[in-house]
Amino acid sequence: MLMAVARSITRSEARDHEIPEIVMRETNGWVAQDVPPHTFVALAYATLDTTGRTLSLANAGQLDPLVLRADGSLEYLTAPGPHLPLGILPDTPYEQASFALYPHDLVLFYTDGVVEAQTAGGEMWGFERFEELVQERGHQLSPDDLITAVIAAINLFIDHHPQHDDITLVVLQVDA
């Protein structure tokens, strides 16, 4: 229910504001009024200027998006300022950063359930395995197929052990 409230507020604020840090600040103010004590919402909010190939990002508690560059290198997109999840402090001064994107770049937004997926023995899939798979297969697969490959690799690693957290991936491909 909390996610539905946060999603609705974010959509409403996105209609009123184009700048991610403002959307994040306004959303946080409303969410902080509505969430029960000791609850919060993690959110990364980004806009994409397709003409200028610029991604603007504000982050409230999500992991930094990962970019696979056309040359195969990896880069994490880190917004400045506090990254407190929404709902903790109503006046959190979220900030944004803008990042240049280039033809054939892939941007991966993901929840912590991706890297924190665990085997029955408690071993995490981790950033290293995630990065390795993205580098090896990212430019060979469509965004949908890359998502499928990541989830399949996680399931193989954890041997379908039940997880404590959600696994969510969104892949953005920059056209030539």
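This report describes a sheet, a loop residue and some aromatic ring pairs in a predicted model.

## The sheet and its helix

Strands of a sheet pair through backbone hydrogen bonds, in either a parallel or an antiparallel way. Here, three strands form an open sheet in the order S1-S2-S5, and their pairing is antiparallel. Strand S1 (43–49) and strand S5 (96–100) are the edge strands, each pairing on one side only. On average, neighbouring strands of this sheet are turned by 20° against each other, direction ignored.

Strand S2 (residues 54–60) is joined to S5 by five bridges. Within this pairing, Leu55 has Phe99 in S5 as its bridge partner. Helix H2 (residues 20–34) packs on the sheet and touches S1, S2 and S5. The direction of helix H2 makes about 25° with that of S2.

## A buried loop residue

Thr119 lies in the loop between helix H3 (112–115) and helix H4 (126–137). Its relative accessibility is 15%, and buried means under 20%, so Thr119 counts as buried. Leaving aside residues up to four places away in sequence, Thr119 touches Phe157, Ile158 and His161.

## Aromatic pairs

The count of aromatic pairs comes to three. In one of them, the ring centres of Tyr76 and Phe127 are 6.3 Å apart and the planes stand at 75°, so the pair is edge-to-face. Tyr76 is in strand S4 (residues 74–76) and Phe127 in helix H4, 51 residues apart, so the pair links distant parts of the chain. Tyr76 is partly exposed at 29% relative accessible area, and Phe127 is partly exposed at 37%.

The rings of Trp125 and Phe130 have centres 6.1 Å apart and planes at 55°, which makes the pair tilted. Trp125 is buried at 3% relative accessible area, and Phe130 is buried at 0%. Ring pairs link Trp125 and Phe130 with Tyr110 into a cluster.

Methods
Residues numbered from 1 in each chain as written. Predicted model: local features only at pLDDT ≥ 70, side-chain atom pairs only at ≥ 80, totals over all residues. Heavy atoms only, no water. Pairing = 2+ DSSP bridges. Helix = DSSP H or I, 4+ residues; strand = E, 2+ residues; numbered from the N terminus. Axes fitted to C-alpha atoms, helices over the stretch in contact; angles between N-to-C directions. Contact = heavy atoms within 4.5 Å. Buried < 20%, exposed > 50% of the residue type's maximum accessible area, 1.4 Å probe, protein only. Phe/Tyr/Trp six-rings, centres within 6.5 Å; stacked < 30°, edge-to-face > 60°.
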